[in-house]
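Hi there,

Here is the structure I promised to pass along. Please open it first, and then read my notes below alongside it.

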Amino acid sequence: MDGLTPVVGYNLAIGVVVALELLYLLSLEASVTAYRRFVLVTVGGLVLAVIGGPIVELVAPQLVHWVHGLAALLVVYGLYDPVTNDVRTTEWERVLLSEPSRVRRPAEWMTPMDDEILGALHGTELVLTPAVVAFNTGFSRKEVNRRLIELADHGFVEKVERGKYRLTRRGERYLRGQLRATASADTETGVRG
């Protein structure tokens, strides 16, 4: 171990900053990464390259090429699907060039407001009233109440008691992009729309 030279120190500092930025990006895009494993594989390869490379260079310089090779394999595997011999162009286009709500497949009856209402209920595991949802989304209580009724009719939220709603598994699956919302609600949940 030769010690921390200025070049290795600089590489390590840059690696930490880039890794933190990538992890922050993943935390913002949880709805995308929750069902897109190739995104996690690619980011894992990038983090290994920018953090693992400088650390291995500091501890065991003879292994740095192996770490970079493994990182490159992870990045390539995240960009290319060897099973179907396909470059993941469409998937990455959806992830990088679209806003998260566009990655989802909303039904014709849905409005952009529905994504924001479901987003307000997502991850809280709380039972919320239309007034609380309206306050947090910036829409009127009357509009939110109308959309919550529609979302409940399609099984995305459930009415717990008078004027109180929570997200259902169907709503959670929709937010993660695991559900084609255009599918009939009665076939999946027994709810009539």
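Phe156 and Tyr174 are both buried. Keep in mind as you look at them that this is a predicted model. The two rings form an aromatic pair with an edge-to-face arrangement, at 5.4 Å centre to centre and with 90° between the planes. The angle clears the cut-off for that label, since edge-to-face asks for planes over 60 degrees apart. Phe156 sits in the loop between α9 (141–153) and β3 (157–161), while Tyr174 belongs to helix α10 (residues 169–175), so their pairing ties together parts that are 18 residues apart in sequence. The structure has 2 aromatic pairs, and ring pairs join Trp109, Phe156 and Tyr174 into a cluster.

Tyr174 turns up again in the largest nonpolar core, where it is among the residues with the most contacts inside that core.

How do α7 and α9 cross? Their axes come within 10 Å, at an angle of roughly 85°. That makes α7 roughly perpendicular to α9, because the angle falls in the range of 65 to 115 degrees that counts as such.

Another spot to look at is around Val41, which lies in helix α3 (residues 37–59). Setting aside neighbours within four places in sequence, Val41 is in contact with Leu74, Tyr77 and Gly78. Tyr77 is part of helix α4 (residues 64–79) and counts as partly exposed, at 42% relative accessibility. Val41 and Tyr77 are 36 residues apart along the chain, yet their C-alpha atoms are separated by 7.4 Å. For Val41 and Leu73, which are 32 residues apart along the chain, the C-alpha separation is 9.6 Å.

Asp81 is worth a click too: this residue is in strand β1 (residues 80–81). With a relative accessibility of 17%, Asp81 counts as buried. Asp81 and Phe38 are 43 residues apart in sequence, and 8.9 Å apart in space from C-alpha to C-alpha.

Finally, some totals for your records. The protein chain has 11 helices and 4 strands, and buried residues make up 34% of its 193 residues. The accessible surface of the chain comes to about 11900 Å², with 59% of that belonging to carbon and sulfur atoms. Taking contacts between residues at least 6 apart in sequence, 58% join residues at least 24 apart.

How values were computed: Residues numbered from 1 in each chain as written. Predicted model: local features only at pLDDT ≥ 70, side-chain atom pairs only at ≥ 80, totals over all residues. Heavy atoms only, no water. Phe/Tyr/Trp six-rings, centres within 6.5 Å; stacked < 30°, edge-to-face > 60°. Helix = DSSP H or I, 4+ residues; strand = E, 2+ residues; numbered from the N terminus. Buried < 20%, exposed > 50% of the residue type's maximum accessible area, 1.4 Å probe, protein only. Contact = heavy atoms within 4.5 Å. Areas by Shrake-Rupley, 256 points an atom, 1.4 Å probe, with all protein chains shown as cover. Core = buried A, V, L, I, M, F, W, Y, C linked by side-chain atoms within 4.5 Å. Axes fitted to C-alpha atoms, helices over the stretch in contact; angles between N-to-C directions. Parallel < 35°, antiparallel > 145°, perpendicular 65-115°, else oblique.
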